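Please read it beside the sequence and the coordinates.

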Amino acid sequence: MDKILNISNLKKTFHTSEGEVKALDSITFDVKDKEFVSIIGPSGCGKSTILSILSGLEEKSSGKISFSKNCTIGYMLQNDSLFEWRTVLENCMLGLEIEKKDTKESKDYVIHLLKTYGLEEFISEYPSRLSGGMRQRAALIRTLATKPDILLLDEALSALDYQSRLAISDDIYKIIKKEGKTAIMVTHDIAEAISMSDRIVVLSKRPAKVKQIYEINLTNKSTPIENRKCKEFSKYYDMIWRDLDVHI
Ligand code: ADP
Ligand code: MG
């Protein structure tokens, strides 16, 4: 697989009225085209900061970020941030409207995504009619609508209860693979990361450094729910658990 993104020696210090917060200390990793990479690390270590910098919302302090081509980026947050006064279709068209690309063609594409991914009957409904899982699916479709090359998912599933989370991670994974996207997902859930990822970048506590990078090789790799049954699963779980060095 070709590399789509290279992050090299990325550093970030926030300057606040209370002083400096060093969030990222020398982050280096790359991402291949169509790869699913998870970033895992302790709470507050700087995971979201990496995504904010990649998306252009925050400036880096130093280091290098290079894309292999002119990539567009879609960003999906923990909170689905659907607007309650807009229908599902209108919500999914939002990014296209902002980019002034709300053509008939792009609208047809969004409708096609909504139909393909089980939201056909909710196209003209308001988000309050949707279950938590459907809302996440709608939020993902809104992110896919602008046809980004790379999807950034920031704890996108963590607002859901455990059972829904398993089902939706399966859903979201299948959609991302079917649409042929590259994904970078931030999570604090080790099992979620192993079950969905090709590689996992484990960060240290703040200021974040890359502690380990694991290539996830599962026998009979299939969907996230099935992957949890693979024999190598617990081996990866133990290694990452040890890396995270959680104290309670
Ligand atoms: P994570 O996503 O791993 O939980 P974040 O990337 O959100 O962590 O934050 C890393 C550190 O940077 C935290 O200490 C946080 O308080 C700080 N931080 C994040 N954003 C800002 C900001 N805009 N201004 C000041 N400090 C920030
Ligand atoms: Mg975060």
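The sections below cover the model, a hairpin, the nonpolar cores, one serine and the ligand site.

## Model and conventions

This is a predicted model, in which local features need pLDDT of at least 70, side-chain atom pairs count only at pLDDT 80 or more, and totals for chains, interfaces and linings use all residues. Residues are numbered from 1 along each chain as its sequence is written, chains are lettered from A and ligands numbered from 1 in the order written, and side-chain values use heavy atoms, without hydrogens and water.

Helices (H or I, at least four residues) and strands (E, at least two) are DSSP runs, numbered from the N terminus.

## The β1–β2 hairpin

Strands β1 (residues 3-16) and β2 (residues 19-32) pair in the antiparallel sense over 10 bridges. Pairing requires at least two DSSP bridges between two strands. Two residues separate β1 from β2 in this hairpin. Isoleucine 7 has phenylalanine 29 of β2 as its bridge partner.

## Nonpolar cores

A nonpolar core is a set of buried Ala, Val, Leu, Ile, Met, Phe, Trp, Tyr and Cys residues joined through side-chain atoms within 4.5 Å. Buried means under 20% relative accessible area, exposed over 50%, and partly exposed in between (1.4 Å probe, protein chains only). The largest core has 37 residues. Phe36, Val110, Leu114, Leu119, Ile141 and Leu153 have the most contacts inside it. At least two residues each come from α2 (88-92), α4 (104-116), α5 (132-144), β6 (150-154), α6 (162-178) and β7 (182-187). The largest share, six residues, is from α5.

Contact means heavy atoms within 4.5 Å. Beyond four places in sequence, leucine 114 contacts Val88, Leu89, Cys92, Leu119, Glu120, Ile123 and Ile141. A second, separate core has 24 residues, among them Ala23, Ile39, Ile50 and Leu51.

## Serine 197

Serine 197 sits in the loop between α7 (190-196) and β8 (199-203). Its relative accessibility is 0%, so serine 197 counts as buried. A polar atom of its side chain lies 2.5 Å from the backbone oxygen of alanine 193. Leaving out residues up to four places away in sequence, serine 197 touches Phe36, Ser38, Ile216 and Lys221.

## Ligand 1

Ligand 1 is surrounded by 14 residues (a heavy atom within 4 Å). Gly44, Gly46, Lys47, Ser48 and Thr49 are the closest. α1 gives the most to this shell, three residues.

Ligand oxygen atoms lie 2.7 Å from a polar backbone atom of glycine 44, 2.8 Å from a side-chain N or O atom of serine 48 and 2.5 Å from a side-chain N or O atom of threonine 49.

Notes
Polar contact = N/O pair within 3.5 Å; in protein donor to acceptor, adjacent residues only side chain to side chain.
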